[in-house]
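Q: Hi, I'm new to this one. Can you put it up and walk me through it?
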Amino acid sequence: MFLRLIGYLFGIGAVFFLAVAAGVAWYVSGLTGGLPSVEVLAKYEPPVMTRIHASDGQLVGEYARERRLYLPIQAIPDRVKAAFISAEDKNFYQHAGLDYYGIARAALQNVAALSSDKRMIGASTITQQVAKNFLLTNERSLDRKIKEAILSLRIEQANSKDKILELYLNEIFLGLGSYGVAAASLSYFDKSVHELTLSEAAYLAALPKGPNNYNPFRYADRAIERRNWVIDRMVENGYATADEGEAAKAQPLGVKTRVASPHIFAADYYVEEVRRQLMQMYGEKALYDGGLSVRTSLDPGMQVMARQALMNGLVQFDEQHGWRGPVKNVPIEGDWGVAVGSVPALTDVIEWRLAIVTATSKDEAQIGLQPGRDETGKLLAARETGTIPASEMKWTLGGKRTVENVLKVGDVVYVEPADGKPDSYRLRQVPNIGGAMVVMDPHTGRVLAMDGGFSYSESQFNRATQAMRQPGSSFKPFVYAAALDNGYTPSSVVMDAPIEIDPGYGQPIWRPENYAQKFYGPSTLRTGIEQSRNVMTVRLAQDMGMPLVAEYAKRFGVYDKLGPFLPNALGASETTVLRMVSGYSVFANGGRQVKPTLIDRIQDRFGKTIFKHEERVCEQCDAEQWTHQDEPLIEDNREQVLDPMTAYQVTSMLEGVVQRGTATVLKSVGKPLAGKTGTSNDYKDAWFIGYSPDLVVGVFIGYDNPKPMGRGMTGGEVAAPIAGDFFKLALADKPGIPFRVPEGLTLIPIDRKTGMRSAAGNPGTILEAFKPGTGPPDTYSIIGQTDANGQPLTVAPEADRAVISGTGGLY
């Protein structure tokens, strides 16, 4: 009877067990049916940040939705791997995906925790975390845990331990927007993962359990406690000695965060322009997730020089137009540091600081400087004070004004340390005027420097590439280039006298005039461009025909389609600084077309080059060894858009602009330079585009909402000095190389006024460049004046038919 009862119970138990097993099998099979394939891990391409570098390799920008750098397991230091294994899964290299001993231990501890209100613990392996992070959601349920366990076993069968650890260490979220150990190392310690100490590696390994719980600024004690626990586990597991562990635990956290993305001072406009171009080329996903490596043509040294020259020029212009008042006036109640600390400051004008006026007198103002902030954004406790003496704010003190008439207590102003005067500051104000500068290598089109305004943090509008403005007379060299390329010579004479143009379509008669509102009679092309004569340029364009001028403007890349209207010969149509600089590069490089570029090369996440600016071909550059062959020749396949002789003739005439014309301020540079000034109607735009044999510089000055800058604010007065300041810095250690004269040109002495042959040494004689088959005229033939038969008028050189009426025009 007893045995029968045992058998009966056994049978019932067996049936029950089989039923439960069948139910579990059915349940598990239902879960596994829709599980993702672990094969996706082999093809996994994580979103990786795009990094932008200067031409010398300096990192200047990073773009990503998630801050992430992907490192192969071989590139991750053993110390870092040991820290994470000790903290998360000490039996990682022994188990097959699930740590059964760890699960049992966690179960027992959790049962005990239920009766003592202690924290529950988990037993997820690194493999399980990979399964969850890559293939599942963060849902907290039994279903998800079972799926996680099944996938972990599959992952272990399909991948090596090192591959699983590689995926984990690159995917895990570690706070501060950082995914993976490489990015976290930069974010927390501003150093490469290879430079991490034992203490630092242990702190990163403490973060996966909850980055916010161990925030180094909010919960420093908790972070140190967790870090020390990781160090103890590393010692326990044999990854560090006891002495190394004690030394590491004695260290402070040492967190030194990156407050902002890495960048080179003054390059914000440049890098943002690169970002915009990458967006156009590859789209948003490739930019922020694609892990592109971008090598730009940015020259950090020249960028700082350009920034310095443009800023100084804008500040000088602004101060000439007087004081506009403080940034803000705030009440001082108790701590003035808090009052001034509440006002946002420009972050990219590092020489300037915000300050608050705490007291004033006739001769000076007492100020308190805006305090700095720590990593958490909290104001520092230290307070700095100083003075603004009257001598450092003279530009505001017109008439009988004193310091106390200009500044009031509570005024928040910008100041800059005064040279050689401790605790003394110069009063500054952010300029209202806008401007831009572009520096280019004319032989390659590589943009070496670009500044799009006074402060990127104030305005992200890039006036070098986005502002469409009238170039004024700086466009004239393209008109003269078209003439010289089509039968005219630098000594051709054009009548500078009143002219009336009927635009038709009911428009009023247009009467262009020169800047000085005078007319000068017959003058050579050289004189016309050196002195920026408007009427001569209009007559020349009329004689050639504006369709020809429009065609040359397109060749040079200044316009895509220039309207064939005579005012456009004087720069009435809008373009950008970058386009003007690339157009002038053709003169500097002997007539070759250049494509302006800010990007030299782009590589994908695997190091494959997917774009390069250099299109020239060098078939012999890949020789395996030297066998006494000639040096390889690089085939220049760029389009020749201008006769090299014409290019030099224009350059020679533009040298005259610097030596005798509207840009004589650049003579002080002391090096061979050529260039042209430009000013639009009512002084709304001021330009200078100039070049040395190997460097082209363009400067534009004007208000963002175009309005007159004031009488006399011409390109020669406002823009050319800024370019001159840059050239002085950029060419300081360079020899004075003359412009290259192409073969075939003949230099003949001529009279600068009449354009006719002259004897060397005579007053007013210059050497002029003539193409083969051309030379100075024997008679004084005037373009724009005809005889009764409609032929160009020929008169005595002494004749002067200038008249003094006429209105309107660009200059």
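This is a predicted model: local features need pLDDT of at least 70, side-chain atom pairs count only at pLDDT 80 or more; totals for chains, interfaces and linings use all residues.

Q: How many of the residues in α17 are buried, then?
A: 9 of its 11 residues are buried. The helix covers residues 534–544 and is mostly covered.

Q: What follows α17?
A: Gly545 follows α17. Its phi is positive, near 100 degrees.

Q: Zoom out. How many helices and strands are in the chain?
A: The chain has 21 helices and 24 strands.

Q: And what share of the chain's residues is buried?
A: Buried residues account for 50% of the 811 residues. The chain exposes about 38,200 Å². Carbon and sulfur atoms supply 52% of that area.

Q: What about contacts between residues at least 6 apart in sequence? How many join residues at least 24 apart?
A: Of those contacts, 70% join residues at least 24 apart.

Q: Show me one place. Where is Val60?
A: Val60 is in strand β2, residues 59–63.

Q: Is Val60 buried or exposed, and why?
A: Val60 counts as buried because its relative accessibility is 2%, and the cut-off for buried is under 20%.

Q: What is the C-alpha separation of Val60 and Tyr270?
A: Their C-alpha atoms are 9.8 Å apart. Along the chain, Val60 and Tyr270 are 210 residues apart.

Q: New topic. Where does Lys81 sit?
A: Lys81 is in helix α2, residues 78–88. Lys81 is buried, with a relative accessible area of 15%.

Q: Which residues does Lys81 touch?
A: Leaving out residues up to four places away in sequence, Lys81 touches Ile73, Ile76, Leu165 and Leu169.

Q: Salt bridges next. How many are in the whole structure?
A: A search finds 41 salt bridges. One of the pairs is Arg65 with Glu284. Their closest N and O atoms are 3.2 Å apart.

Q: What does the pair of Arg65 and Glu284 tie together?
A: Arg65 lies in the loop between β2 and β3, and Glu284 lies in helix α11, so the pair ties together parts that are 219 residues apart in sequence.

Q: How accessible are Arg65 and Glu284?
A: Arg65 counts as partly exposed, at 49% relative accessibility. Glu284 also counts as partly exposed, at 42%.

Q: What about Asp289 and Lys285?
A: Their side chains meet in a salt bridge, 3.7 Å from N to O. Asp289 and Lys285 are separated by about one helical turn because they are 4 residues apart in helix α11.

Q: Why does that spacing in a helix matter for direction?
A: An α-helix has 3.6 residues a turn, so residues three or four places apart point the same way.

Q: Are Asp289 and Lys285 buried or exposed?
A: Asp289 counts as buried, at 14% relative accessibility. Lys285 counts as exposed, at 61%.

Q: And what do Asp348 and Arg307 form?
A: Their side chains meet in a salt bridge, 3.8 Å from N to O. This pair links distant parts of the chain, 41 residues apart. Asp348 is in the loop between α13 and β7, and Arg307 is in helix α12.

Q: Buried or exposed, those two?
A: Asp348 counts as buried, at 8% relative accessibility. Arg307 is buried too, with a relative accessible area of 3%.

Q: Last one. Which residues do salt bridges with shared partners join into one network?
A: They join Glu319, Glu392, Glu416, Lys421, Arg426 and Arg428.

Conventions: Residues are numbered from 1 along each chain as its sequence is written. Side-chain values use heavy atoms; hydrogens and water are left out. Buried means under 20% relative accessible area, exposed over 50%, partly exposed in between (1.4 Å probe, protein chains only). Helices (H or I, at least four residues) and strands (E, at least two) are DSSP runs, numbered from the N terminus. Contact means heavy atoms within 4.5 Å. Accessible areas come from the Shrake-Rupley method with a 1.4 Å probe; for residues, only the protein chains shown count as cover. A salt bridge is a side-chain nitrogen of Lys or Arg within 4 Å of a carboxyl oxygen of Asp or Glu.
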